[in-house]
Amino acid sequence: VRSSGLAGSGSTGLFATSSATGTTVNITALNPATNYTIYVRSSCAGGDLGAWTTGVTFRTKVANDTCAGAIAVTCGSTVTGSIADATNENMAVCGISGVTVQNTPGVWYKYVSNGTDVTFSTCSEVSGDTRLAVYSGACGSMTCVGGNDDNDACDVQDLSSEVVVSNTTPGATYYILVYAYTSTTLSFEL
């Protein structure tokens, strides 16, 4: 598996090499949001090697593509993100009129509460037409506690989103799903 270079072209760009006696090889620890090309050749008795196959290129997903990979955020912090290279998990959402299910790829963030009200916002000149959904609970068994599409109070981008969660539970983790109205390559600040 290579991130650059052709089959057999040396160590530059070589990420992993493996031998298999079956038809499946699991390659772990690939970098997120990275293009890789995989090449295959046969190794026959007596050390004879077959020709390399034509490479098959694939791209890994972003690290925070799933709830389990959520990136931690803190009060007062700003993170820049993108939904490019993410998937649509079709999560149940709330707080958005006429919308009950996530409709575009999204990425995950998490916040550990100090017990005060907290505002999650994409109000920024960088952000495009975002949607937010905020959940309590644990990955796999979450409850949607708030959602928003089009924050009219944002003076720099009214297609941004904002969710205020009141009376948070101290020490509880809240998960934030950022996704788009229609885009699959949206960039944003949270």
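Is Ala33 buried, partly exposed or exposed, and at what relative accessibility? I began with this residue and found that Ala33 is partly exposed at 27% relative accessibility, where buried means under 20% relative accessible area, exposed over 50% and partly exposed in between, with a 1.4 Å probe and protein chains only.

Before going further I noted that this is a predicted model, in which local features need pLDDT of at least 70 and side-chain atom pairs count only at pLDDT 80 or more, while totals for chains, interfaces and linings use all residues. I also noted that residues are numbered from 1 along each chain as its sequence is written, and that side-chain values use heavy atoms, with hydrogens and water left out.

**Backbone angles.** I looked up Ala33 because of its positive phi of about 50 degrees, although the residue is not a glycine, and its partly exposed state. Ala33 sits in the segment before β1 (35-38). I placed Asp85 in the loop between β4 (80-82) and β5 (92-96), and its relative accessible area of 23% makes Asp85 partly exposed.

**Strands and sheet.** I counted zero helices and 13 strands in the protein chain, taking helices (H or I, at least four residues) and strands (E, at least two) as DSSP runs numbered from the N terminus. I then traced an open sheet of five strands with mixed pairing, in the order β3-β7-β12-β9-β10; two strands pair if DSSP finds at least two bridges between them. Its edge strands, β3 (71-72) and β10 (141-149), each pair on one side only. Strand β3 runs parallel to β7 (residues 106-112) and is joined to β7 by two bridges; I noted that Ala72 has Lys110 in β7 as its bridge partner.

**Whole chain.** I compared the radius of gyration of the protein chain, 21 Å, with the value near 16 Å that a compact globule of 190 residues would have, the radius being taken over C-alpha atoms and the globule rule being 2.2 Å times the number of residues to the power 0.38. Along the principal axes, the C-alpha atoms fill a box of roughly 70 × 30 × 30 Å. Buried residues make up 35% of the 190 residues. Of the contacts (heavy atoms within 4.5 Å) between residues at least 6 apart in sequence, 66% join residues at least 24 apart.
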